[in-house]
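Dear colleague,

Please find the sequence and the structure below. My notes on them follow.

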Amino acid sequence: MATSSCDVLVIGGGITGCSAAYHLAGYGAEVILLEEFDLNTQASGRNAGSLHGQIQHGSFMEFGEEWGRNFLPALLFLHRSLDIWRSLGQELSTHLEVRLNGGLLVAETEEQMRDIERKVAIERSAGVESDLLGREDLAEIAPYISSEMVGAQLSKVEGKANPMLAGPAFAKAAAERGVTIRINTEVNGLDAGENGGFIASTSNGVVSTRRVVLAAGNTMNRFAPLWGQTLPIVDEPAQVGATEPMESIVRHLVYFAGDKLTFKQAKAGTLLIGGGWEADIDPITRHTSVNPANLVANLRVARRVVPMLAGVRLIRTWSGAGLATPDLSPIIGQVGPPGLVVGVYPHMGLTAGPLMGRVLARLVLDQPPEVDLRPFAPDRF
């Protein structure tokens, strides 16, 4: 089989891997990117496109205030990446449908508002500002929200992008910088070379490389023998529903403090309904599929928060390849032999992807990281 070589091999063709390849080429490295399937067909391209900038309320309620304070470095990572998203379309010469009009976490009860206030206090301690809205203020900026809701948190930096465009835009720009991209190429083995570097055995030949970026999400543990133990990454596939197109009425990314929900409107007018409701996953093939009961439950929650949905048709559903870590913070760092780095951001990898790729590119080239990576060390578990 054919043998090729490069300075850095990137494994994984989602937004993180494509971003890493793009930045590596910008730093002057010769790069090959390998993707087992097609680009952007796993977690990066199968989510609802939310750009997150607040502590997720469901996680806060489950794990508590101490967890929330410990999560702040991961939250600030998201905010640095959101700064990149603002001008990313211009940089990549692609309209990514980015809108950062803010996020609304709505509450149905005064008790939920008090929980939101506790969460906001932790976010503000890290310099993340939000407004607390009463019923009248909420009705003014989001009249489609049920009048039963008593208030909300308005996080000003959140929004949405088109997840089907961002990863491929990075890939196109990376290719223009000279990156070799090989899709439908499975990495069957990754071994340390006798004199340093690595040898990757693939379904389309052998690649010899000095350094490796692993950005393969929840499949990267297939290479765990290189560093001795598996990383605690688990499958948490989610699903999304999309309605028929409507007039543009929803400006914000909407959450609900009473149950799992994300709700927003795409450029084409489609309302996207999600929130982390679990999809089914085949234990053998790892293929995911929509769970009908969870879909119905998700739609009931959405209609409770946005009553006008009662007369709107759902026209499409799909499942996504989600993942999680025990503390819901990213895993970023060097593992195993020198020159091997890993990066994964659970649940919110689309938001983090532009920065994550740049961080991994600098890390694998031994350049100073632009963020403190100690809270995300792979050996912290």
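Helix α7 has 14 residues, which at 1.5 Å a residue should span 20 Å, and its end C-alpha atoms lie 21 Å apart, in agreement. The expected span is 1.5 Å times one less than the number of residues. Helices here are DSSP runs of H or I with at least four residues, strands are runs of E with at least two, and both are numbered from the N terminus.

The model is predicted: local features need pLDDT of at least 70, side-chain atom pairs count only at pLDDT 80 or more, and totals for chains, interfaces and linings use all residues. Residues are numbered from 1 along each chain as its sequence is written, and side-chain values use heavy atoms, without hydrogens and water.

Helix α1 (residues 15-26) packs against α7 (residues 163-176) at an angle of about 25°, with the axes 8 Å apart. Axes are lines fitted to C-alpha atoms over the stretch in contact, and angles run from 0 to 180 degrees between N-to-C directions. The two helices are therefore roughly parallel (an angle under 35 degrees). Contact (heavy atoms within 4.5 Å) is made by I15, C18, S19, A21, Y22 and H23 of α1 and by A166, G167, F170, A171, A173 and A174 of α7.

Elsewhere, Q56 sits in the loop between β3 (50-51) and α2 (57-63). Q56 is buried, at 19% relative accessible area.

Yours sincerely

How values were computed: Parallel < 35°, antiparallel > 145°, perpendicular 65-115°, else oblique. Buried < 20%, exposed > 50% of the residue type's maximum accessible area, 1.4 Å probe, protein only.
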